[in-house]
Amino acid sequence: MKIKSVNLETVCGITSKMPENDKLEVAFAGRSNVGKSTLINGLMNRKSLARTSSQPGKTQTVNFYNINDLLYFVDLPGYGYAKVSQQTVEKWGKMINRYLDGSKVLRLIFLLVDIRHKPNQNDLQMYEWCTHYGFNPIIIATKADKIKRSQKAKQIKQIKETLQVVEGTPVIPYSSMTKEGREEIWEYIDMVYEGFSQEQDLQSE
Ligand SMILES: Nc1nc2c(ncn2[C@@H]2O[C@H](COP(=O)(O)OP(=O)(O)OP(=O)(O)O)[C@@H](O)[C@H]2O)c(=O)[nH]1
Ligand SMILES: [Mg+2]
(Lines give C-alpha, C1' and ligand atoms only; values in the text may rest on other atoms or scores of the structure.)
(Ligands and ions follow the chains in the order given, each with its own letter.)
Protein backbone atom coordinates (compact mmCIF):
# COMPACT_ATOMS: atom_id res chain seq x y z
CA MET A 1 0.00 0.00 0.00
CA LYS A 2 1.29 3.44 -0.89
CA ILE A 3 0.96 5.94 1.92
CA LYS A 4 -1.02 8.97 0.81
CA SER A 5 -2.32 10.33 4.07
CA VAL A 6 -1.90 9.61 7.75
CA ASN A 7 -3.32 11.31 10.79
CA LEU A 8 -3.78 10.62 14.46
CA GLU A 9 -7.56 10.46 14.57
CA THR A 10 -8.46 9.25 18.07
CA VAL A 11 -6.65 9.07 21.40
CA CYS A 12 -8.30 7.01 24.14
CA GLY A 13 -7.38 7.22 27.79
CA ILE A 14 -8.30 4.90 30.60
CA THR A 15 -11.85 6.18 30.89
CA SER A 16 -12.51 6.96 27.21
CA LYS A 17 -14.99 5.09 25.13
CA MET A 18 -13.24 3.32 22.24
CA PRO A 19 -14.26 4.42 18.76
CA GLU A 20 -16.58 2.16 16.77
CA ASN A 21 -14.69 2.19 13.52
CA ASP A 22 -15.90 0.50 10.37
CA LYS A 23 -12.49 0.32 8.73
CA LEU A 24 -9.90 -2.38 9.39
CA GLU A 25 -7.75 -2.02 12.50
CA VAL A 26 -4.21 -3.36 12.83
CA ALA A 27 -2.86 -3.23 16.38
CA PHE A 28 0.70 -3.02 17.74
CA ALA A 29 1.31 -4.41 21.20
CA GLY A 30 4.45 -4.86 23.23
CA ARG A 31 6.44 -3.94 26.26
CA SER A 32 7.20 -0.32 26.91
CA ASN A 33 10.23 0.91 24.96
CA VAL A 34 10.22 -2.07 22.56
CA GLY A 35 9.68 0.26 19.58
CA LYS A 36 5.93 0.25 18.78
CA SER A 37 5.66 3.95 18.01
CA THR A 38 8.94 3.86 16.09
CA LEU A 39 7.69 0.96 13.96
CA ILE A 40 4.41 2.76 13.27
CA ASN A 41 6.36 5.82 12.09
CA GLY A 42 8.55 3.58 9.93
CA LEU A 43 5.55 1.92 8.30
CA MET A 44 3.92 5.31 7.69
CA ASN A 45 7.16 6.87 6.40
CA ARG A 46 6.90 9.55 9.05
CA LYS A 47 9.72 10.58 11.31
CA SER A 48 7.77 11.52 14.39
CA LEU A 49 3.98 11.46 14.00
CA ALA A 50 3.79 8.72 16.62
CA ARG A 51 5.62 10.16 19.63
CA THR A 52 8.61 8.06 20.62
CA SER A 53 10.95 8.30 23.55
CA SER A 54 14.06 6.73 24.97
CA GLN A 55 12.20 6.86 28.31
CA PRO A 56 9.77 3.95 28.63
CA GLY A 57 6.10 4.69 29.21
CA LYS A 58 5.65 7.23 26.44
CA THR A 59 2.41 5.94 24.94
CA GLN A 60 -0.13 5.68 27.75
CA THR A 61 -3.22 5.82 25.59
CA VAL A 62 -4.69 3.81 22.74
CA ASN A 63 -3.89 5.85 19.62
CA PHE A 64 -5.70 5.35 16.32
CA TYR A 65 -3.82 6.44 13.19
CA ASN A 66 -5.95 6.75 10.10
CA ILE A 67 -4.01 5.46 7.07
CA ASN A 68 -5.21 6.61 3.63
CA ASP A 69 -8.77 6.71 4.99
CA LEU A 70 -8.70 2.92 4.46
CA LEU A 71 -7.50 1.44 7.72
CA TYR A 72 -6.19 2.21 11.21
CA PHE A 73 -2.95 1.48 12.98
CA VAL A 74 -3.64 1.14 16.68
CA ASP A 75 -0.72 1.96 18.99
CA LEU A 76 -1.39 0.21 22.30
CA PRO A 77 0.09 1.40 25.60
CA GLY A 78 3.32 -0.32 26.52
CA TYR A 79 3.23 -2.70 29.46
CA GLY A 80 5.87 -3.91 31.85
CA TYR A 81 7.05 -0.45 32.74
CA ALA A 82 8.40 -0.63 36.26
CA LYS A 83 8.12 3.00 37.28
CA VAL A 84 4.35 3.23 37.45
CA SER A 85 2.10 2.05 40.23
CA GLN A 86 0.51 -1.39 40.24
CA GLN A 87 -2.84 0.36 39.98
CA THR A 88 -1.81 2.07 36.74
CA VAL A 89 -0.49 -1.22 35.36
CA GLU A 90 -3.84 -2.85 36.05
CA LYS A 91 -5.71 0.00 34.41
CA TRP A 92 -3.58 -0.32 31.27
CA GLY A 93 -4.19 -4.06 31.23
CA LYS A 94 -7.91 -3.45 31.47
CA MET A 95 -7.76 -0.89 28.70
CA ILE A 96 -5.91 -3.29 26.38
CA ASN A 97 -8.39 -6.06 27.17
CA ARG A 98 -11.33 -3.72 26.64
CA TYR A 99 -9.94 -2.86 23.23
CA LEU A 100 -9.18 -6.46 22.18
CA ASP A 101 -12.60 -7.60 23.36
CA GLY A 102 -14.58 -4.70 21.96
CA SER A 103 -13.22 -3.97 18.51
CA LYS A 104 -15.30 -5.41 15.69
CA VAL A 105 -12.75 -4.53 13.02
CA LEU A 106 -9.49 -5.67 14.55
CA ARG A 107 -8.11 -8.44 12.33
CA LEU A 108 -4.35 -8.33 12.85
CA ILE A 109 -2.12 -7.92 15.89
CA PHE A 110 1.61 -7.45 15.77
CA LEU A 111 3.26 -8.36 19.05
CA LEU A 112 6.64 -6.69 19.35
CA VAL A 113 9.50 -8.12 21.36
CA ASP A 114 13.11 -6.94 21.55
CA ILE A 115 15.27 -9.28 19.47
CA ARG A 116 18.02 -9.14 22.12
CA HIS A 117 15.95 -10.44 25.01
CA LYS A 118 14.08 -13.54 25.98
CA PRO A 119 10.35 -12.67 26.21
CA ASN A 120 9.25 -12.25 29.83
CA GLN A 121 6.07 -12.88 31.82
CA ASN A 122 4.49 -9.70 30.51
CA ASP A 123 5.07 -10.74 26.91
CA LEU A 124 3.62 -14.17 27.62
CA GLN A 125 0.60 -12.55 29.21
CA MET A 126 0.07 -10.31 26.19
CA TYR A 127 0.40 -13.28 23.86
CA GLU A 128 -2.20 -15.13 25.92
CA TRP A 129 -4.59 -12.19 25.89
CA CYS A 130 -4.35 -12.15 22.10
CA THR A 131 -5.06 -15.86 21.71
CA HIS A 132 -7.83 -15.63 24.31
CA TYR A 133 -9.68 -13.17 22.08
CA GLY A 134 -9.09 -15.37 19.04
CA PHE A 135 -6.05 -13.69 17.50
CA ASN A 136 -2.81 -15.30 16.40
CA PRO A 137 -0.39 -12.41 16.65
CA ILE A 138 2.48 -12.03 14.24
CA ILE A 139 5.68 -11.46 16.19
CA ILE A 140 8.03 -8.62 15.31
CA ALA A 141 11.53 -8.84 16.75
CA THR A 142 12.59 -5.19 17.00
CA LYS A 143 15.99 -3.48 17.10
CA ALA A 144 17.49 -6.10 14.78
CA ASP A 145 20.34 -3.67 14.09
CA LYS A 146 21.55 -4.20 17.65
CA ILE A 147 22.64 -7.81 17.24
CA LYS A 148 25.10 -9.51 14.96
CA ARG A 149 23.67 -11.16 11.89
CA SER A 150 25.00 -14.49 13.16
CA GLN A 151 22.92 -14.18 16.36
CA LYS A 152 19.61 -13.68 14.61
CA ALA A 153 18.46 -17.26 14.06
CA LYS A 154 19.24 -18.17 17.65
CA GLN A 155 17.33 -15.19 19.05
CA ILE A 156 14.32 -15.90 16.86
CA LYS A 157 14.28 -19.50 17.97
CA GLN A 158 14.36 -18.39 21.62
CA ILE A 159 11.45 -16.01 21.06
CA LYS A 160 9.37 -18.72 19.38
CA GLU A 161 10.11 -21.25 22.09
CA THR A 162 9.53 -18.90 25.00
CA LEU A 163 6.23 -17.59 23.73
CA GLN A 164 5.24 -21.08 22.57
CA VAL A 165 3.80 -19.57 19.45
CA VAL A 166 1.25 -21.35 17.32
CA GLU A 167 2.95 -23.47 14.64
CA GLY A 168 3.72 -21.40 11.56
CA THR A 169 3.63 -18.04 13.36
CA PRO A 170 5.96 -15.61 11.60
CA VAL A 171 8.67 -13.87 13.62
CA ILE A 172 9.88 -10.91 11.58
CA PRO A 173 13.13 -9.13 12.49
CA TYR A 174 12.71 -5.36 12.14
CA SER A 175 15.08 -2.42 12.37
CA SER A 176 14.07 1.21 12.28
CA MET A 177 17.63 2.04 11.24
CA THR A 178 17.92 -0.23 8.19
CA LYS A 179 14.18 -0.75 7.58
CA GLU A 180 14.84 -4.48 7.47
CA GLY A 181 11.47 -6.24 7.72
CA ARG A 182 9.35 -3.27 6.64
CA GLU A 183 8.28 -4.77 3.30
CA GLU A 184 7.39 -8.09 4.86
CA ILE A 185 5.27 -6.41 7.54
CA TRP A 186 3.42 -4.41 4.88
CA GLU A 187 2.79 -7.64 2.91
CA TYR A 188 0.88 -9.04 5.89
CA ILE A 189 -1.06 -5.81 6.33
CA ASP A 190 -1.95 -5.70 2.62
CA MET A 191 -3.06 -9.34 2.71
CA VAL A 192 -5.32 -8.80 5.73
CA TYR A 193 -6.66 -5.61 4.16
CA GLU A 194 -7.67 -7.56 1.03
CA GLY A 195 -9.42 -10.17 3.15
CA PHE A 196 -11.23 -7.54 5.17
CA SER A 197 -12.43 -5.74 2.03
CA GLN A 198 -13.82 -8.98 0.63
CA GLU A 199 -15.55 -9.68 3.93
CA GLN A 200 -17.19 -6.21 3.79
CA ASP A 201 -18.26 -6.73 0.14
CA LEU A 202 -19.93 -10.03 1.00
CA GLN A 203 -21.78 -8.41 3.89
CA SER A 204 -23.12 -5.60 1.76
CA GLU A 205 -24.40 -7.95 -0.98
N1 LIG B 1 18.53 0.91 17.31
C2 LIG B 1 17.20 0.88 17.28
N3 LIG B 1 16.50 1.61 18.18
C4 LIG B 1 15.14 1.55 18.13
C5 LIG B 1 14.45 0.74 17.19
N6 LIG B 1 13.12 0.87 17.42
C7 LIG B 1 12.99 1.73 18.46
N8 LIG B 1 14.19 2.15 18.90
C9 LIG B 1 14.43 3.09 20.02
O10 LIG B 1 13.81 2.58 21.20
C11 LIG B 1 13.26 3.63 22.00
C12 LIG B 1 11.79 3.35 22.29
O13 LIG B 1 11.04 3.42 21.10
P14 LIG B 1 9.45 3.75 21.11
O15 LIG B 1 9.00 3.58 19.70
O16 LIG B 1 9.18 5.05 21.77
O17 LIG B 1 8.90 2.56 22.03
P18 LIG B 1 7.38 2.21 22.41
O19 LIG B 1 7.23 0.74 22.30
O20 LIG B 1 6.43 3.04 21.60
O21 LIG B 1 7.35 2.65 23.95
P22 LIG B 1 6.08 3.11 24.86
O23 LIG B 1 5.37 4.21 24.14
O24 LIG B 1 6.71 3.51 26.14
O25 LIG B 1 5.22 1.90 25.01
C26 LIG B 1 13.51 4.92 21.22
O27 LIG B 1 14.67 5.53 21.73
C28 LIG B 1 13.74 4.44 19.80
O29 LIG B 1 14.56 5.30 19.05
C30 LIG B 1 15.25 -0.04 16.25
O31 LIG B 1 14.75 -0.77 15.39
N32 LIG B 1 16.61 0.09 16.36
MG1 LIG C 1 5.01 4.41 22.15
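A residue is called buried if 20 or more other C-beta atoms lie within 10 Å of its own, exposed if 12 or fewer, and partly exposed in between, with C-beta atoms placed from the backbone. Glu 25 counts as buried because it has 20 C-beta neighbours inside 10 Å. Welcome to a short tour of a predicted model, in which local features need pLDDT of at least 70 and side-chain atom pairs count only at pLDDT 80 or more, while totals for chains, interfaces and linings use all residues. Residues are numbered from 1 along each chain as its sequence is written, and chains are lettered from A and ligands numbered from 1 in the order in which they are written.

**The sheet**
- An open sheet of mixed pairing is built from 7 strands in the order 1-3-4-2-5-6-7; strands (E, at least two residues) and helices (H or I, at least four) are DSSP runs numbered from the N terminus, and two strands pair if DSSP finds at least two bridges between them.
- Strand 1 (6-12) and strand 7 (171-173) are the edge strands, each pairing on one side only.
- From one strand to the next, the twist averages 25°.
- Strand 7 pairs with strand 6 (residues 138-142) in the parallel sense, over 3 bridges.
- Within strand 7, Ile 172 is the residue opposite Ile 140.

**Around Glu 25**
- Glu 25 belongs to strand 2.
- Leaving aside residues up to four places away in sequence, Glu 25 touches Tyr 72, Val 74, Ser 103, Val 105 and Leu 106; contact means C-beta atoms, placed from the backbone, within 7 Å.
- Glu 25 and Val 105 are 80 residues apart along the chain, with 5.6 Å between their C-alpha atoms.

Key
Axes are lines fitted to C-alpha atoms, for helices over the stretch in contact, and angles run from 0 to 180 degrees between N-to-C directions. Two residues are in contact if their C-beta atoms, placed from the backbone, lie within 7 Å.
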